Amino acid sequence: MSALQILLLIAAYFLVLLLISYFTGKNDSNADFFKAGKQSPWYLVAFGMVGASLSGVTFISVPGWVEASEFSYMQVVLGYLFGYFVVAFVLLPIYYRLNLTSIYEYLKERFGPTSHKTGAFFFFVSRVLGAAFRLFLVAIVLQQFVFDDFGIPFEITVVISILLIWIYTNRGGIKTIVWTDTLQTTFMILAVILSIIFINRELNWSFGEFLASDELKQYSKFLYTDDFLARNHFIKSFVGGMFVTICMTGLDQDMMQKNLTCKNLRDAQKNMVSFSFVLVGVTFLFMLLGALLFIYAGQNDIAVPLMDGAPKTDLLFPEIALNSGLGLTLSITFMLGLIAAAYSSADSALTSLTTSFCVDFLNVEQKPEAEQKRIRKRTHIYMSVVLIVVIIAFKYILSRNVIDSLLIVAGYTYGPLLGLFAFGIFTKHQIKDKYVWVVGGLSVLLIFLLDQVVPKTFLGGYELGYELLPLNGLLTFLGLWLIRKRN
């Protein structure tokens, strides 16, 4: 598939998104931008959330991770499943009872303004980095397979990507996202299924023969219970995955904003439970696809593509889909899936960042009605610029597999949110609100020291993995206990 063909495909895809935006953004009100009028069908939200949760990181990075980690990521995914039930039956009832626009308003109700701002700040950092990770991955694929052929530098690729998102989310906000997510999830799942079918056909396998093959067995180990010191041990991965879900979904304005557009709590819970089981199944398909890619590459002498002189397994899927001669249909399917996966998470991230900044930091709902829309539109532009700067910076500092990096960063940034919400929900204590930001900052610093210094010096090689997140939350919880008000 040529660079020009890919470019035309991207243009056609965005014309469809703009058409959806036109119909969903006619009202152009803050109520629709932030909450979609609380009229979203739960099944539509559930299906769309699959694409938003998986994103371009899962679409490319999970298959590329299979060679190094086999199916060990499924241990984390099983933890996700249990985490979604906590979100559905512990957190959602609180958010609906308080009728929140930003979920961090709960911290203001429970503790005070400093806690509110501290929680919103950690979300802001988390979501900027998370969205930047996801868009960075897509940008390097577009750069390598499209824009390099036109002599367009990486920085311009990033600006174009964010500009397109800004255009179709500027008016409708979350109301537009609910509908575009549905389209994007459809394309992404279809791309994975068709990719598996086409590559199996090229290998002269049926799907059943692939599942029974000796080649798959080389990659399919997913339970690691031998070495508890290793960072991929089952218990550590499972518990870490559960807390990743609680934080990156239940304590994340981006994901919760979609749930809060449902008509009532019962619909939101149906959405969350059904979505969780679908997500596990779809992620397993990605793992199968990853194994199939490496099998196919090995049998056809396809090398892992290089980026800045080093092999980049994240680029194997696009290399096979676009350059291995498997046909135009697979190339089109891959590109539609990639674009859909990337922008289904990035567009909602931009919308949620705008929402959180307007509500949590600018107190937009307390402003005169005539001024509210102007503030929201201006903030939407500022958030776009922030994402552009961070994505470009990643090109020069990021060295790890992208999904691994994403989960590690979550351990640092979502930990204080976990501690704050847990303390608010499971205790009745009030705290000295003005010191909350100190507790959050010290917790992150201690986790950094534990991760970087202590294992090498005192723990005999024990590697901290995804348990960084609950440990960070525990440290924050203990810190809040120390600053509680005594009756």
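This report walks through the fold, the core and one surface patch of a predicted model.

Let's start with the whole chain. The chain holds 21 helices and 2 strands. Of its 487 residues, 60% are buried. Among contacts with a separation of 6 or more, 85% join residues 24 or more positions apart. The accessible surface amounts to about 19000 Å², and carbon and sulfur atoms supply 65% of that area.

The largest nonpolar core contains 140 residues, and Phe59, Tyr95, Ile199, Met272 and Met335 have the most contacts inside it. Setting aside neighbours within four places in sequence, Ile199 touches Leu289, Leu292, Leu293, Tyr296, Ile320 and Leu326. Met272 also turns up among the contacts of Leu92, together with Met256, Asn259, Leu265, Ala268 and Gln269, to name several.

On the surface, a nonpolar patch is formed by Tyr435, Trp437, Val438, Leu442, Leu445, Leu446, Phe448 and Leu449, with about 760 Å² of accessible area together.

| Residue | Helix | Relative accessibility |
|---|---|---|
| Leu92 | H4 (residues 73-98) | 0% |
| Leu445 | H19 (residues 436-452) | 46% |

Why does Leu92 count as buried? Its relative accessibility is 0%, so Leu92 falls under the 20% cut-off.

Definitions and conventions. Residues numbered from 1 in each chain as written. Predicted model: local features only at pLDDT ≥ 70, side-chain atom pairs only at ≥ 80, totals over all residues. Heavy atoms only, no water. Helix = DSSP H or I, 4+ residues; strand = E, 2+ residues; numbered from the N terminus. Buried < 20%, exposed > 50% of the residue type's maximum accessible area, 1.4 Å probe, protein only. Contact = heavy atoms within 4.5 Å. Core = buried A, V, L, I, M, F, W, Y, C linked by side-chain atoms within 4.5 Å. Patch = residues over 30% accessible without salt bridge, like charges linked within 9 Å, V, L, I, M, F, W, Y side chains within 5 Å. Areas by Shrake-Rupley, 256 points an atom, 1.4 Å probe, with all protein chains shown as cover. Salt bridge = Lys/Arg side-chain N within 4 Å of Asp/Glu carboxyl O.
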